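Visitor: I am new to this structure and would like a close look at one part of it. Could you take me through that part slowly, and then show me what else lies in the interior?

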Amino acid sequence: MNLKKRLNLKELQEVELSILLEFQIFCEDNKLQYFLFDGSLLGAVRHKGFIPWDDDIDIGMPYEDYKKLINLVGTSNKIKNCYIMSPYGNDNFLYSFAKICKTNTQLIENIDDITIKLGINIDVFPFYNLPDEESVYRKRLKKANLYVKRHWRILFGVKKIQMKYQILKFPLNIQEYIISKIYHNNFIKKMDKLYELDNSTDYIGYHVGEYRRFKKLDIFPLTYLEFQNHNFPVPNKYEKVLNYCYGDFMKFPPKNEQRKHNNKAYIQK
């Protein structure tokens, strides 16, 4: 791919918005629920679009719809000009959530001396049914974070060795395949089993990272807010959700905290 044109922040945001619009059409056609979350929800409320320095889009999706999305996109149903990367079916994929990537683009991330190359993308986070008992959720979250940390350490370790010893690239590719195939599949099974709950619980949330547990009644039924001159679904009590995540969310952070990820984005000319 001849990726000659490097995009500035505004151009990157425009590509991400185009992905979101195609994702919206796909979800509506297939009756899948999703909602703006984290920085994208904050941007919709405070700026009616992107936070000026933000360079990604965050989507939340009920786990049942998330799995349907992955299965649908894996068949003949495609999101126009996009492809999906997720822990399901991509054995050496480092993230525990999905990314909807734009074809004919490239986003280069550098994490812990490892270079990750995907298409320009938006993040789709599965929201699981969570235990009603807070102590039970905290225990499961701790275990989930341990699984993810181990998952990153193993896959990152193999990739770092590959980068250091290029002469051994061929056998290391075999090693990476074996490790990722066996360990990754086990990782996915463990994560799914950890939050294998029915719909009768009153809470929903993301399964790893920070403590994020919300009452379902604060999320559903979804409502709509403007984002970059388009309307997208958001949690119905979005102000309560943002206050929970950010505190005084209408207050701008200090200049030194207004940072983007500094990834390099390219598009085919």
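**A threonine and its surroundings**

Guide: In this predicted model, a polar atom of the T201 side chain lies 3.5 Å from the backbone oxygen of Y203. A polar atom of that side chain is also found 3.3 Å from the backbone oxygen of L130. T201 itself sits in the loop that runs between α5 and β9 (203-206), and because its relative accessibility is 11%, under the 20% limit, T201 counts as buried. When neighbours within four places in sequence are left aside, the residues in contact with T201 are N129, L130, D132 and K216.

From here we can turn to the cavity. By the rule used, there is one cavity of 30 Å³ or more, and the largest cavity holds about 80 Å³ of space. Helix α5 gives the largest share of its lining, four residues, while β8 (121-130) and α5 (169-194) each supply at least two. Among the lining residues are Y66, Y88, P126, Y128, F187, D192 and H207, and by class the lining is made up of eight nonpolar, two polar and one charged residues.

Technical notes. Residues numbered from 1 in each chain as written. Predicted model: local features only at pLDDT ≥ 70, side-chain atom pairs only at ≥ 80, totals over all residues. Heavy atoms only, no water. 1 Å grid on protein atoms, 1.4 Å probe; cavity = no way out; pocket = protein on both sides within 12 Å on 5 of 7 lines; lining within 4 Å. Points joined across faces, edges and corners; volume = space filled by probe spheres on them. Nonpolar A, V, L, I, M, F, W, Y, C, P; charged D, E, K, R; others polar. Buried < 20%, exposed > 50% of the residue type's maximum accessible area, 1.4 Å probe, protein only. Polar contact = N/O pair within 3.5 Å; in protein donor to acceptor, adjacent residues only side chain to side chain. Contact = heavy atoms within 4.5 Å.
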